[in-house]
Amino acid sequence: MATWENNFAKSNKRGAAPLWERMKKKLSILGCLLAAGLCALAQGSLEKGLSADAKGLNELAEKYYREAVDTNAQARLRLGLLLERKEHFKEASQWLAKSDSSTLAMTHLAVCLAEQYRWPEARRAAEIAIESAGSHDSLLRASAMATLALTYCTDENYTNALSWAHKAQREDPKSARAHNVVGIISFYKGNENEAIQSFKKALQVDPKNIDAYFNLGTVYCYRNRYELAISTLKNGLKVERNSIKLIYCLGWAYLLKGEKEHAIECLETVIRYDSSYVNAYNRLGDIHYGNADYNQAIACYRKASQIAPTLSEPYRLMGRTYAEKGEFGKALRNYQKAVEINKKDAETYCKIAELYAKQKQPKREQANYKRAAKLGHAEAQKWCTQRGIAY
């Protein structure tokens, strides 16, 4: 019986095209037809998504976009933009990064990265967006400039931050993001009245701007004007009832006002919408801490630290809770982790000094009070001055 190899050889001798070559051609044609079909299906899903998006049917739009993302860069871009609007910034940034690298994509990628406190990446994305923006992209360039300003603000480089924020305002006076960022910088510099005016300006140019409502609510909370904060945030929720950041800030306002049940309801709603929302866990931890339920508080803070290991606040709050429990070793380890992340946290250096004092370690106590004093902490400076210690 002839083997298939012998038959194959005979076919070649007769001058026929090799069987494998014919098969490859057929497979290639089939592959091209399949790819074309998939592209056509993806394009159809994209168009359906765009239509649903234009009608405000977000869930339907998301469904269609997801059907097309494997083969269509435009679908990846649109899905990223939609997820950004839903404040799902982590997944939004992933799709935007996989899209077409356009000015639009990079501008919104920078925003999403900033919302996750990924400042170096946000800065680079903003710089790329500014470099690639054309003369007709003034609104996008203004947004990217504002995000770049925000990254400098987090470094406390307020000169560069204000320079870029004002450039953003000049680039497009109707950029709500530019006005918001000017307000944030003013707030960090201690100019709360100027901050409030900037946030109100953002609402003037865009009455539906969620960030402006959030920022105003935050400032009112810091000013202990809780009723005004609550009413402002509720007005924002009339614009976007599912805004995670507005619900979170409303929960925080209720917590500061002493209405813990309302606060818990808001914070748990935030976590249902977004299980990676760090600040919601921190505030729930604060509620448990206030109720002397320290183990539950620690569980919340630990969850926050797992989600965002580069943030100092969860470690600082865990340190505070362990100290309250009398577990000074664990408290010290968490406080030290907090100042590793944020070396300018004068208050935490003081807490470390207090723990070393309890452990009868005067040299380490003094070293940490000196660090806090150098950072301008008034009580630490007083401690050093009373003992004749230069800082």
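Let's start with one pair. Arg223 and Glu192 form a salt bridge, and their closest N and O atoms are 2.8 Å apart. Arg223 sits in the loop between α12 (210-222) and α13 (226-239), while Glu192 belongs to helix α11 (residues 192-205), so the pair ties together parts that are 31 residues apart in sequence. A salt bridge here is a side-chain nitrogen of Lys or Arg within 4 Å of a carboxyl oxygen of Asp or Glu.

A word on the model. It is predicted: local features need pLDDT of at least 70, side-chain atom pairs count only at pLDDT 80 or more, and totals for chains, interfaces and linings use all residues. Residues are numbered from 1 along each chain as its sequence is written, and side-chain values use heavy atoms, with hydrogens and water left out.

Back to the pair. On the scale used, buried means under 20% relative accessible area, exposed means over 50%, and partly exposed is in between (1.4 Å probe, protein chains only).

Why can such residues pair at all? Side chains of opposite charge can pair when their charged atoms come close.

How many salt bridges does the rule give? The count is 23. Another one joins the side chains of Arg118 and Glu121, at 2.8 Å from N to O. Arg118 has a relative accessible area of 30%, so Arg118 counts as partly exposed. Glu121, at 40%, is also partly exposed.

Arg283, Asp286, Glu313, Arg316, Arg320 and Asp345 form a network of salt bridges.

Next, the whole chain. What is it built from? It has 22 helices and zero strands. Both are DSSP runs, numbered from the N terminus: helices are H or I with at least four residues, strands are E with at least two.

Now the overall dimensions. The C-alpha trace spans about 105 × 55 × 40 Å along its principal axes. The radius of gyration is 28 Å, whereas a compact globule of 391 residues would have one near 21 Å. That radius is taken over C-alpha atoms, and the globule rule is 2.2 Å times the number of residues to the power 0.38.

Surface next. The chain exposes about 20,700 Å², and carbon and sulfur atoms supply 52% of it. These areas come from the Shrake-Rupley method with a 1.4 Å probe; for residues, only the protein chains shown count as cover. Buried residues make up 46% of the 391 residues.

What about contacts? A contact means heavy atoms within 4.5 Å. Among contacts with a separation of 6 or more, 44% are between residues 24 or more positions apart.

On to the inside. In soluble globular proteins, nonpolar side chains tend to be buried together. A nonpolar core is a set of buried Ala, Val, Leu, Ile, Met, Phe, Trp, Tyr and Cys residues joined through side-chain atoms within 4.5 Å. The largest core in this chain has 89 residues. Which members touch the most others? They are Val181, Ile185, Leu246, Tyr248, Leu250, Val270 and Ala280. Helix α14 (residues 244-257) gives this core its largest share, 10 residues.

Take Val181. Beyond residues up to four places away in sequence, Val181 touches Ala146, Ala149, Leu150 and Ala165. There is also a second, separate core of 28 residues, with Ile298, Tyr322, Leu355 and Tyr356 among them.

Lys325 is in helix α18 (residues 313-325). Lys325 is partly exposed, with a relative accessible area of 32%, and Glu327 is partly exposed at 27%. Tyr277 is 48 residues from Lys325 in sequence, and 26 Å away in space, C-alpha to C-alpha.

Two serines to finish. Ser312 is in the loop between α17 (294-307) and α18. Ser312 is buried, because its relative accessible area is 14%. Its contacts, leaving aside neighbours within four places, are Ala338, Ile341 and Asn342.

Ser93 is in helix α5 (residues 89-97). At 4% relative accessible area, Ser93 is buried.
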